[in-house]
Amino acid sequence: MRNLTKMMVSAAALFVASTSVQAEDVEVLHWWTSGGEAAALNVLKEDLESQGIGWQDMPVAGGGGSQAMTVLRARVTSGNPPTAVQMLGFDILDWANEGALADLNIQAGLEGWDDVVPEALQKFAKHDGKWVSAPVNVHSTNWVWANKAILDELGIAVPANWDEFVAALDKVKAAGKTPIAHGGQAWQDATVFDAVAMATGGPEFYQKAFIELDEDALGSDTMKEAFDRMAVIRSHVDDNFSGRDWNLATAMVINGDAAFQMMGDWAKGEFLNAGKVPDQDFLCFRFPGTQEQVTFNADQFAMFAQGPEVGKEQAALATAILSPSFQSAFNVVKGSVPARTDVSDEAFDACGKKGMADLKAAAASGNLYGSMAHGHANPAAIKNAMYDVITAHFNGEYDSQTAVEELVTAVQINK
Amino acid sequence: MGFLDIKQATKSYGPVQVLHETNISIEEGEFLVLVGPSGCGKSTLLNMIAGLEDITTGEIAIRGRNMNGIKPADRNIAMVFQSYALYPNMTVGGNISFGMEMHGIPKPEREKRIAQVADLLQISHLLDRKPGQLSGGQRQRVAMGRALVREPDVFLFDEPLSNLDAKLRVDMRTEIKKLHQKLGTTIVYVTHDQIEALTLSTRIAVMYGGYVQQLGTPKEIYDNPANMFVAGFMGSPSMNLFPAKVVEDGGRPAAEVSLADGKRAAIPFANGTLASSIGRDIILGIRPEAITDKDGADRNSSSVHLVEAPVEVTEPAGSDTFVVSQISGKDVTGRFRADVPVTAGETFKFAFNMEKAVAFDPKSENRIA
Amino acid sequence: MSTAPDTPDTRAIAPAALSGTHKTSGLGLRPARILLYVLLVFFCLYYLLPLYVMVVNSLKPLGEITAGGMMALPKDWTLAPWGSAWSSAQVGVEATGLRPYFLNSIIMVVPAVACSTLVGALNGYVLTKWTFKGATILFGLLLFGCFIPFQMVLIPMARMLGLMGLAGSVPGLIFVHFVYGIGFSTLYFRNYYAAFPTELVKAAQIDGAGFFRIFWRILLPSSGPIAVVCVIWQFTNIWNDFLFGASFSDFDSQPMTVALNNLVQSSTGVKEYNVHFAGAIMAALPTLLVYIVAGRYFVRGLMAGSVKG
Amino acid sequence: MASSLATLQVGELEMSYLDTAPARGSVADRLRDALPKLVLSPTVAIVAVFVYGFIAFTLYLSFTDSRILPSFGWVGWQNYENLFRIRAWDTAVSNLVIFGVLYIAVCCALGLLLAILLDQRIRAEGFIRTVYLYPMALSFIVTGVAWKWFLDPGIGLQAVVQGWGWTGFEFNWIKDRNMAIYTIVIAAVWQTSGFVMAMFLAGLRGIDSEMLKAAQIDGASTFALYRRIVIPQLRPAFMSAFVVLAHMAIKSYDLVIALTGGGPGTATELPATFMYSYTFTRNQMGIGAASAVIMLMTIAAIIVPYLWSELREKKA
């Protein structure tokens with residue numbers, strides 16, 4: 001029925017020719033279903049509705065968007081793709097390769113996206129020189145969240161490098177608290193590993209190993225060193241970490257049971273929700289040794305092509321997403337920072353302001369890297385193969401040497 | 001051409017022929033019983049008449065109309081099943097009405113007929129009950145009512161009494177016979193019980209191994225069994241069958257047998273039967289009631305012969321006493337009057353009524369006299 | 001035999017069939033019976049524990065849960081999570097709660113259950129009462145279909161739905177559940193009808209009922225017990241399905257489970273466990289209700305059909 | 001009576017002309033004969049396409065270079081070669097063996113035990129039966145979370161028991177790579193054993209009580225009664241339970257995702273989760289299809305002989 005309407009409407013549109021602006025509804029597939037983020041998305045919805053474009057909501061949560069990607073594949077295969085889809089990193093490029101995405105170059109050109117969106121991010125929003133998706137935000141993943149009370153009590157300053165960090169951890173341990181709150185799920189293990197590897201080998205090593213998938217870098221001693229450091233972190237994690245959801249780990253920091261958590265900026269929401277104030281109750285700082293760098297992942301909306309040209313409503317949606325007001329409003333709620341670097345930080349809290357400044361600086365200095373753990377360094381197959389190795393090592397299945405070897409094999413199989 | 005004609009009908013499942021060429025023709029109002037041990041093909045034949053099983057070759061006709069390929073509902077037959085096959089979800093009335101409903105008979109007519117049949121079978125008070133609430137005998141009546149109300153050309157009964165206890169079975173047997181006499185309908189009735197067959201039928205088809213062994217009136221079947229199977233199957237206690245040799249005794253053909261005490265006896269046949277077969281080995285068949293004590297013998301018979309033989313066992317049965325002796329190595333039972341003084345171990349005079357004796361060929365097992 | 005065997009009545013442990021109409025006069029007459037009840041209660045606890053966790057946590061404020069008291073009774077009892085899960089929790093852009101999705105699920109589940117049960121019944125009827133050469137093999141092939149992993153059929157099914165013009169629609173979803181429900185419903189009815197007296201079918205034939213009439217009037221009215229089993233089975237499976245519901249629905253036809261999943265599975269948002277549990281129990285209520293109401297017929301139905309040869 | 005018989009006779013005439021059968025071999029007649037097969041044919045067509053057609057499609061995909069969507073570049077056995085180089089696949093397969101065997105065995109044993117306990121003419125049978133049955137009604141999307149918490153040593157059973165003072169108590173299987181698969185068994189058994197119990201209970205109730213009385217008179221003890229007389233007669237119930245349980249074991253997906261997400265590490269990966277993850281999250285549809293084919297072959301190897309023996313027997 002709906003398809004029929006759609007066909008009839010588009011047929012009508014053809015007859016009236018391009019002069020008539022027949023706005024359709026947009027069906028949006030996304031996985032932002034929890035309170036804050038869904039409310040944030042509602043801003044977008046209302047924006048579109050004020051333009052006469054209806055919003056048909058198609059949320060599918062689960063598995064950090066993988067559930068939604070499964071649904072997307074079923075929808076595309078059945079010839080009934082949604083109008084717009086929330087997507088991450090390489091998924092966008094994969095779908096662009098299939099020729100499924102609409103070209104947003106006109107809007108990008110009109111609004112000057114090229115100038116305001118960081119280049120590292122553009123890599124995932126453009127395909128063959130064409131904009132195929134509209135970035136919503138940038139999450140940076142190399143954050144450490146700390147319980148200020150514990151740090152103050154034990155006289156721990158914000159650690160600046162690995163050794164200071166280990167010293168701090170030991171101090172917490174000696175005080176009978178859990179040094180690191182961690183959830184033992186593959187993606188969380190990898191999030192920590194991301195930061196550790198960046199800190200251990202520096203940005204060039206990170207680029208070579210995770211983005212270029214250089215086998216020498218992957219099999220290097222630096223990589224082994226990174227795994228060794230993971231073992232150190234493992235020894236500062238409580239016994240029940242396995243399978244724990246990230247937000248329960250965050251709760252440990254909030255409740256003062258643990259001192260630190262390494263997690264992306266979405267953890268901030270948990271602190272705020274618990275009534276905690278940045279810099280007063282909790283601290284946010286870059287993982288020691290990565291103060292200069294930002295590893296990121298970015299949520300974007302890709303438009304599924306419905307004809308040779310991008311639909312009016314799709315164009316309107318893309319424009320709305322990139323508008324500074326939405327970028328600000330959404331990211332204040334979501335905990336992430338705007339995808340465009342020219343948005344005012346007025347509405348953001350301390351951690352948000354810091355995040356925006358970091359992003360701007362990193363983008364300018366070429367220190368902005370896609371996060372391996374969040375699918376912005378290499379394709380899904382390799383990412384998951386790396387997960388397998390990192391998790392196996394973190395759970396004591398492999399020693400560091402084996403892990404390095406397995407990492408190389410994993411990349412070979414899945415390349 | 002009869003009312004129900006079975007012409008050269010056969011039935012095969014793949015290569016297995018379960019019913020060999022069968023020809024039966026009965027007239028309107030006849031009561032045909034198909035009797036035989038289980039697996040003899042009697043139920044298959046009944047199902048073929050009903051149209052529940054296809055006929056492989058040959059033809060079945062009712063009222064001269066060929067029934068091959070006609071579905072059961074259109075044959076104007078009714079059937080009573082061994083398990084009664086009452087629809088558990090319907091009331092008794094519903095069960096009886098169902099067939100008429102299927103044939104589009106209007107409701108007032110249906111109700112009238114149900115009332116008549118219920119009255120006839122004395123089940124009027126049960127009409128609103130479900131089959132699960134009925135006793136075996138009541139279910140039996142309902143099943144018959146369901147068949148009766150259809151007023152069919154032919155009634156088919158598939159072992160309808162075998163699920164009843166002994167007393168009820170006898171009562172219902174009488175009931176069925178009465179109904180048949182009253183309504184005069186044509187009935188085909190399958191049973192493995194030879195007493196039912198003899199008491200109910202106007203004609204019997206004795207079946208065995210997929211063949212009709214003999215088709216005839218109860219008297220024909222009883223008195224003149226076509227072969228040893230029929231002889232042994234029909235009658236209770238069953239017919240005595242023992243080897244004998246045809247000899248000449250006093251110018252008359254006689255059956256020579258050996259007795260348990262080692263003696264031999266020659267029993268003359270009636271009316272010179274088997275005169276041309278002197279020296280031949282036969283199986284002699286004689287029913288227990290034709291072997292009696294001397295005073296109990298049939299006075300009208302001109303061919304009663306006494307044989308002195310040792311008594312092995314006596315079985316007093318109230319009205320009669322069954323006396324067993326060994327003849328030609330077989331147990332032979334005689335039916336004596338109850339008060340005859342006979343004791344096991346003694347010798348006694350057995351009176352053989354040779355008018356009732358039959359003889360079979362030991363090889364073909366067919367009757368030769 | 002010198003010692004008389006125990007009479008059924010004096011046995012502490014014996015099949016119910018043996019005990020006749022006897023009832024024990026009171027609890028704890030014999031050690032064996034005490035043990036029996038101890039075991040029964042122990043297993044009750046085993047089965048009820050997760051439900052306890054869910055119920056208890058659905059009745060306390062989120063703070064109590066994240067503070068670590070997940071097994072404890074609420075200090076501060078509240079029904080707010082239930083209200084929120086029902087009508088105000090965020091399951092998408094709009095804070096609608098689970099309420100609107102109930103209807104979606106019901107619209108989908110009822111026809112799907114009805115169709116698959118009815119067709120299963122018809123199949124069982126044909127396979128037992130109108131058998132033909134190869135029917136057994138056909139049934140075997142049908143049954144094997146039950147074992148196909150659903151993840152495998154996702155993509156080809158999407159394509160087929162697209163070709164049939166059913167993509168992203170309620171009828172499409174019903175169709176999918178119907179297709180993969182037939183196997184089990186046929187299995188149930190076939191086994192049930194196998195024990196159904198064939199003479200009844202013959203009698204009805206002679207009475208003049210045709211193929212469908214026999215089914216409607218004779219078999220179906222007697223199929224209550226097995227229909228209960230089949231409906232419970234299908235209802236539970238279809239109601240609880242997530243994979244098909246998420247993949248083949250549209251924005252306006254997402255079933256309950258997808259909404260529940262959206263409520264529960266946010267990856268980077270605040271997790272309101274109390275609301276999650278309230279929602280989960282709520283989502284399970286229809287199936288729970290079916291079990292409670294039809295439970296006693298369930299065993300009876302199993303008895304009548306599916307566990308017999 | 002005579003008059004009523006007369007009307008009966010009239011009725012007979014009506015009836016015999018009411019439905020004159022159509023001539024043999026007419027279209028309507030042939031349609032009537034084909035009706036049962038016609039009724040079955042939609043199911044046959046559906047199964048042919050949506051089960052066997054899809055199996056064929058998957059088989060074909062497993063030889064192609066499909067990644068994100070089906071594509072049709074032929075790569076021969078490469079996907080299978082890759083599949084067997086992936087450690088997680090070995091883990092998944094051996095896990096399925098452990099899980100499947102334990103799950104089916106424990107469910108049957110527990111189901112039987114509960115059925116026997118419930119069959120003792122106990123009080124509140126209806127209530128207890130419902131308690132045993134209800135988990136079947138719940139989706140694992142959330143009961144998984146409850147179980148996860150319950151099994152978590154930090155907050156669940158271990159913490160509670162330790163809180164009672166038994167500080168040495170340990171129950172941390174879910175965190176232990178070698179034991180985690182058994183926690184999956186525990187939760188899975190929780191979900192379905194009630195259903196199996198119902199099947200056995202039905203079986204028990206169906207046993208002829210006279211036979212049991214006979215066995216008692218023969219002097220059989222309660223134990224012998226069950227072992228020698230009752231349980232052997234539950235064979236059909238065992239068979240039905242086997243089909244249902246095997247089908248659930250093979251399809252177990254939600255359970256693992258909700259409880260452990262395949263972890264710790266890949267310790268609780270099962271073929272179903274493996275297949276899903278390769279087909280959908282890792283964009284390796286070819287390998288996913290290959291694993292599905294192997295899975296199906298395994299299922300066939302177990303189920304087909306069973307179906308064969310069962311169905312043949314029934315025919316005889």
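## Chain C

From the N terminus on, the elements of chain C run α-α-α-α-α-α-α-α-α-α-α-α-α-α. The model described here is predicted. Chain C has 14 helices and 0 strands.

Chain C has 309 residues, and 58% of them count as buried. Taking the contacts in chain C between residues at least 6 apart in sequence, 72% join residues at least 24 apart.

## Where chain D touches chain C

Chain D brings 85 residues to its contact with chain C, and chain C brings 81 residues. On the side of chain D, helix H2, which covers residues 27–61, provides the largest share, with 15 residues.

The side of chain D that touches chain C can also be divided by residue class: 57 of its residues are nonpolar, 18 are polar and 10 are charged.

## Where chain C touches chain A

Chain C is also in contact with chain A, through 31 residues from chain C and 40 residues from chain A. Three helices of chain C, namely H7 (150–164), H12 (243–247) and H13 (256–264), each supply at least two residues of the side of chain C that touches chain A. H7(C) gives the most to this side, with 6 residues.

By class, the side of chain C that touches chain A consists of 14 nonpolar, 13 polar and 4 charged residues.

## Helix H3 of chain B

In chain B, helix H3 spans residues 107–121 and has 15 residues. The distance from the first C-alpha of H3(B) to its last is 21 Å, close to the 21 Å expected at 1.5 Å a residue. Just after H3(B) comes B:Gln122, which takes a positive phi of about 55 degrees.

The buried residues of H3(B) are B:Arg110, B:Arg113, B:Ile114, B:Gln116, B:Val117, B:Ala118, B:Leu120 and B:Leu121. In an α-helix there are 3.6 residues a turn, so residues three or four places apart point the same way. The buried residues of H3(B) include B:Arg110, B:Arg113, B:Val117 and B:Leu120.

## A hairpin in chain B

Strand E18 (residues 320–327) and strand E19 (residues 330–337) of chain B run antiparallel and are joined by 8 bridges. Within this pair, B:Gln326 stands opposite B:Asp331 in E19(B).

E18(B) and E19(B) form a hairpin, with 2 residues between the strands. In the turn, B:Ser328 has a positive phi of about 50 degrees.

Terms used:
Residues numbered from 1 in each chain as written. Chains lettered and ligands numbered in written order. Predicted model: local features only at pLDDT ≥ 70, side-chain atom pairs only at ≥ 80, totals over all residues. Contact = placed C-beta atoms within 7 Å. Helix = DSSP H or I, 4+ residues; strand = E, 2+ residues; numbered from the N terminus. Nonpolar A, V, L, I, M, F, W, Y, C, P; charged D, E, K, R; others polar. Expected span 1.5 Å × (residues − 1). Buried ≥ 20, exposed ≤ 12 C-beta atoms within 10 Å, placed from the backbone. Pairing = 2+ DSSP bridges.
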